[in-house]
Amino acid sequence: MRLSQVFRQKECVFSIEVFPPKKNGATPESLYPTLEKLAGLSPDYISVTYGAGGGKAGLSTVQIARHLKQELGVEPLAHLTGINSTREQVAETVQALQKAGIENVLTLRGDICPDAPRSKDFFHASDLASFVKSKGDFYLAGACYPEGHVESENLRQDVENLKYKLDAGVEHLVTQLFFDNARYYRFMNLVRKAGIQAPVQAGVMPIVSARQVQRTVALSSASLPPRFTKMISRYDGDEAALFDAGIDYAIEQLRDLIEGGADGVHLYAMNNPEVARRVYEGIRDLLPEAKA
């Protein structure tokens, strides 16, 4: 099923993101028990990230996406990144996606890695989107940044740049994680004023451990509202309390977004089915049924 159909059927789409196992020696199959638990939450789709370096990373993404679709009956959204990939590597992954019956692809430039050579084929996500579109009839999604991409001069310029992705074939957008909903609403106001009518899903990550605070929050460059920083300070050193508080914060954030008219919500659950379950239980009463 192409995700365009899902957005026509649902006033607010609910999805979850997973990533291929990163530990040395881990295989895509080691993620299958987690996928089965996530599938039980009835997400409209599950996105599967793409590891750095191209080649084998893309094939593990394909394997996980195939398992979701063929064995669990959940529509996958397979990520593709261009920053470290050649046209030949992307073409190989695209062909594997087609063979697996995967219709939906999230095209990303990817983060710059100092230790990996940068691709000369895909400087922007729009370049990758155009290439993928030329290789098959895929539904394409893209990323957006409620507080602006770190390489953009300002948020307004970043919003204008989204049009290049849409012109390249992208049909809906998923935001980078954020912790301040006011930033999302301001972003959406700019997006709609710019004439962009594509659905935009709000991406939320529950912060449930000190490790996430140290790594994810710092790397995301997302602004931290006072209520969030107070939560982190209050439960510093108490992992169990931080876990519960982080879940509650994400639930409140998501409920506000759903009630505020978000086209969809996307949960960055970090492959943790318990986090996903608890968040889902906290918002399921607001998630709409499919339209008749």
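Helices (H or I, at least four residues) and strands (E, at least two) are DSSP runs here, numbered from the N terminus. This is a predicted model, in which local features need pLDDT of at least 70 and side-chain atom pairs count only at pLDDT 80 or more, while totals for chains, interfaces and linings use all residues. Residues are numbered from 1 along each chain as its sequence is written, and side-chain values use heavy atoms, with hydrogens and water left out.

Let us start with His67, which sits in helix H3 (residues 56-71). Its relative accessibility is 15%, so His67 counts as buried; the cut-offs are under 20% relative accessible area for buried, over 50% for exposed and partly exposed in between, using a 1.4 Å probe and protein chains only. Leaving aside residues up to four places away in sequence, His67 touches Tyr32, Leu35 and Leu72, where contact means heavy atoms within 4.5 Å.

Next, have a look at strand S8 (residues 264-268). Five of its five residues are buried, so S8 is largely enclosed by the rest of the structure. Gly264, His266 and Tyr268 point one way from S8, and Val265 and Leu267 point the other way. In a regular strand the side chains alternate between the two faces of the sheet.

Which strands pair with S8? Strand S1 (residues 13-18) pairs with S8 in the parallel sense over five bridges, and strand S7 (residues 200-204) also runs parallel to S8, joined to it by four bridges. Pairing here requires that DSSP finds at least two bridges between two strands. To trace these on your screen, note that Phe14 has Val265 as its bridge partner in S8, while the partner of Val204 in S8 is Leu267.

Now follow the chain to Ser30, in the loop between S1 and helix H2 (32-39). Ser30 is partly exposed, with a relative accessible area of 43%. Its side chain reaches the backbone oxygen of Thr27 at 2.6 Å. The C-alpha atoms of Ser30 and Pro20 are separated by 9.0 Å, the two residues being 10 apart along the chain.

Finally, the nonpolar interior. A nonpolar core is a set of buried Ala, Val, Leu, Ile, Met, Phe, Trp, Tyr and Cys residues joined through side-chain atoms within 4.5 Å. The largest one has 70 residues, and Leu80, Phe187 and Leu257 have the most contacts inside it. Helix H10 (residues 239-259) supplies the largest share of this core, six residues. A second, separate core of 25 residues includes Tyr45, Leu106, Ala143 and Phe179.

Notes: A polar contact is a pair of N or O atoms within 3.5 Å; within protein, one must be able to donate a hydrogen and the other to accept it, and residues adjacent in sequence count only if both atoms are side-chain atoms.
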